[in-house]
Each structure stands twice: as C-alpha cells, then as structure tokens.
Amino acid sequence: MAYCFISDLHLHEGRPDITQAFVGFLEETAPKAEKLYILGDLFEAWIGDDNQSKFISEIRESLLKVNKTTEIFFMHGNRDFLLGPEFASSSGMKLISDPYVEEMFGSPVLLMHGDLLCTKDVDYQKFRKTSRDPEWQKDFLSKSLAERQKIAKELRDVSKEATGQKKEEIMDVSRSEVIKTMRESDVDLLIHGHTHRPNSHKIDIDDLSSRRIVLGDWDKYGWYIWMDSKSCELKKFSISSN
Ligand code: MN
C-alpha cells in the first residue's frame, strides 16, 4: 500500500515539457500507488469544464488510464478552483474538500492546498472568499467563454502585480495558522503545496513532534511525496525541456 501526492503543476499549453513530465509520471510512478492525491493547481488556469481543447483531452486520457490502477483525488487550488464535477468525473477523479483529513497507516493526515494557511495575505483571503461563493461562480460560469477568458486574464494580471509588491513573508504560511489548523484536526502530519517552497519542517505542537511537508511547483523539477508503511518522503526528479 502506498499513497502519492502532487500539487502545483500549473499545466498550460506554453509548457509542453511539464505536461510531458506529468504524462510520464502518470505512466511510471503513479500506478505504483493505490491512491494519488492532486492537491490543487494542477492547471495554471481553469475557466469552466466547458472550455475544452486537445491539450485538456490529452490530460484527461492520461488520468483515465492511471485510474484503472490508482484511485485519484483532486483538491482545488487557487488557480483551478473552478474545475467542476463534470471534468473530474470524466477524468476519473474524485473531488475532495480543502482541508481534508484521511487516515493513512493508522494516523490521520491533514491535506490542504495551502492558500488557506497564508492568512497574512489579507487581500487574497478576501478574494478567495468572494470567488468561492456559489453565487459568484454561477454568475462567472454563465458568461461566454470569451468573457471568462478576459476576466481571468485581468484577475491574473492584478494578482501578479500585487504579488510583486508583497513581502516574501506575506506569501508564506502563517505559523500560528498552521498550528491552529493542525491542532483542530488533531494530526501530527500536514501535507500541502501552494507556496512553492518544497521542504519538510519539524514543528512541536503541544509537546508532540509534528511534521509539515510542503510540495514543490513543477518547473525544473517535478515534485511528489511518496508515503508507504515505512516512510513519507518528499522526492524530486529533473524535467528536461527538449
Ligand atoms: Mn496555489
């Protein structure tokens, strides 16, 4: 029995090398795990399940293939929060909520995308709340694809500009929020992505030694966490761009 975790691939047509690395990962690594957890930002952008392309169908086909051996779970990230039940089920993925707790090898493990932990970024948290409102989403999805593309681009530009001005510290998780969330969920292991700061951190919570493992974004390297009965490790492999 083994579990595998990935996040922040930010797949888009402009980086065929990353898409290729993902397809290879789904063929070679993922089938060795019983369960694969995609913890958000699989896609760089998602404006609705009705926005289909050859690029998206190829990814769907690859997911469907691995679904024969491996159960796939998908959690929304801040880029692909509009990925809906239609695309999820047509690719053989089960949607899970953020945060999500699952018992693994006898202990509960907390899974998150990670943006909820960045509480110092007040503006982002405000936007997150608005954009996760079912009414906002219904209104957005009722617009034409062209309109949605336009709005999504504007939102990305605003976010890029704001991100450029924010201090590094604001973009990372808040330590107190991590401890609070782990305590509330009664776990000693948290796995998340989002911050693009791959690492394994030890934290002491209530005299218990706990761990927070952060997945990396796929760029020069592809990152994943492999958990079996013996260990839980952050791993990486090179992505060659040819
Ligand atoms: Mn993210």
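# Notebook: loops, metal site and rings

I began with Ser91, which I found in the loop between α3 and β4; helices here are DSSP runs of H or I with at least four residues, strands are runs of E with at least two, and both are numbered from the N terminus. At 0% relative accessibility Ser91 counts as buried, a word I use for under 20% relative accessible area, with exposed for over 50% and partly exposed for what lies in between, using a 1.4 Å probe and protein chains only. I also looked up its distance to Val66, which is 25 residues away along the chain, and the two C-alpha atoms are separated by 9.8 Å.

Before going on I noted the ground rules: this is a predicted model, in which local features need pLDDT of at least 70 and side-chain atom pairs count only at pLDDT 80 or more, while totals for chains, interfaces and linings use all residues. Residues are numbered from 1 along each chain as its sequence is written, and side-chain values use heavy atoms, with hydrogens and water left out.

**Metal site**

Which residues are the protein donors of the manganese ion? I found Asp41 (OD), Asn78 (OD1), His113 (NE2) and His194 (ND1), lying 2.1 to 2.3 Å from the ion. Donors are N, O and S atoms within 2.8 Å of the metal (3.2 Å for Na, K and Ca), and since water is not among the atoms, sites may look incomplete. Along the chain the donors follow the spacing D-x36-N-x34-H-x80-H. Asn78 lies in the loop between β3 (71–75) and α3 (85–90), and His113 in the loop between β6 (107–111) and α4 (122–131), so this pair ties together parts that are 35 residues apart in sequence. I checked the accessibility of both, and Asn78 and His113 are buried.

I then turned to His194, which I placed in the loop between β7 (189–192) and β8 (199–205). His194 is buried, with a relative accessible area of 17%, and it has a positive phi of about 75 degrees although it is not a glycine.

**Other backbone entries**

I noted as background that most residues other than glycine have a negative phi, and that most peptide bonds are trans. Asp207, in the loop between β8 and β9 (208–214), is a residue other than glycine with a positive phi, near 65 degrees. Is Asp207 buried or exposed? At 81% relative accessibility Asp207 counts as exposed. The peptide bond from Asp98 to Pro99 is cis, with omega near 0 degrees, and Pro99 belongs to the loop between β4 (93–96) and β5 (100–104).

**Aromatic rings**

How many aromatic pairs does the structure hold? I recorded 17 aromatic pairs, where rings of Phe, Tyr and Trp (its six-membered ring) pair if their centres lie within 6.5 Å, and planes under 30 degrees apart count as stacked, over 60 as edge-to-face and the rest as tilted. Tyr3 and Tyr37 form a tilted pair, with 6.4 Å from centre to centre and 40 degrees between the planes. Tyr3 lies in strand β1 (residues 2–6) and Tyr37 in strand β2 (residues 35–39), so the pair ties together parts that are 34 residues apart in sequence. Tyr3 is buried, and Tyr37 is buried too.

Tyr221 and Trp223 form an edge-to-face pair, at 6.3 Å centre to centre and 70 degrees between the planes. Tyr221 counts as partly exposed at 34% relative accessibility, whereas Trp223 is buried with a relative accessible area of 15%. Lys236 lies over the face of Tyr221, at 4.1 Å from the ring centre; a charge sits over a ring if NZ of Lys or CZ of Arg is within 6 Å of the ring centre and within 35 degrees of the ring normal.

I also followed a cluster in which ring pairs link Tyr3, Phe5, Tyr37, Phe73 and Phe105. Phe105 has its place in the loop between β5 and β6 and counts as partly exposed at 37% relative accessibility. From Phe105 to Pro85 I noted 20 residues in sequence and 29 Å in space, C-alpha to C-alpha.
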